Amino acid sequence: MVKIRLQRGGRTHRPVYTIVAANSRAARNGKFLEKLGQYNPNEEVALSGVKVEEIKVWISKGAQITDTVRSLFKRNGIKLS
């Protein structure tokens, strides 16, 4: 099953998360299928480079969005439906 989830990067106490489409069995920071955007909780504009159309394509193929990513989209006004 494919999930749209966060992948942690950055350094100690300064995380940067990448929104990716990945197999649910893959490790959190492991192999992914496609990068779909970035979330930086330390910036004023938290989300950047979000590929909304690509996310819609993955959802139409059966991918599921994790609760955390869904709440990020909702909080930042990104509509997927």
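I count a salt bridge when a side-chain nitrogen of Lys or Arg is within 4 Å of a carboxyl oxygen of Asp or Glu. Lys and Arg count as positive, Asp and Glu as negative; His and the chain ends are not counted.

This is a predicted model, where local features need pLDDT of at least 70 and side-chain atom pairs pLDDT 80 or more, while totals for chains, interfaces and linings use all residues. Residues are numbered from 1 along each chain as its sequence is written, and side-chain values use heavy atoms, without hydrogens or water.

**Arg5.** I looked up its strand: Arg5 is in β1 (strands are DSSP E runs of at least two residues, helices H or I runs of at least four, numbered from the N terminus). Arg5 is buried but has no salt bridge (buried: under 20% relative accessible area, 1.4 Å probe, protein chains only). Asp67, the nearest side chain of opposite charge, is 13 Å away. I then checked for polar atoms around Arg5. The backbone oxygen of Ala27 lies 3.1 Å from a polar atom of the Arg5 side chain. Beyond four places in sequence, Arg5 touches residues including Ala27, Thr66 and Val69 (contact: heavy atoms within 4.5 Å).

**β1 pairing.** I find β1 antiparallel to β2 over ten bridges (pairing needs at least two DSSP bridges). Val2 has Asn23 as its bridge partner in β2. Two residues separate β1 and β2 in a hairpin, and His13 in the turn has a positive phi of about 65°. With β5 (residues 64-65), β1 pairs in the parallel sense over two bridges. There, Lys3 is partnered by Gln64.

Notes
Buried means under 20% relative accessible area, exposed over 50%, partly exposed in between (1.4 Å probe, protein chains only). A polar contact is a pair of N or O atoms within 3.5 Å; within protein, one must be able to donate a hydrogen and the other to accept it, and residues adjacent in sequence count only if both atoms are side-chain atoms.
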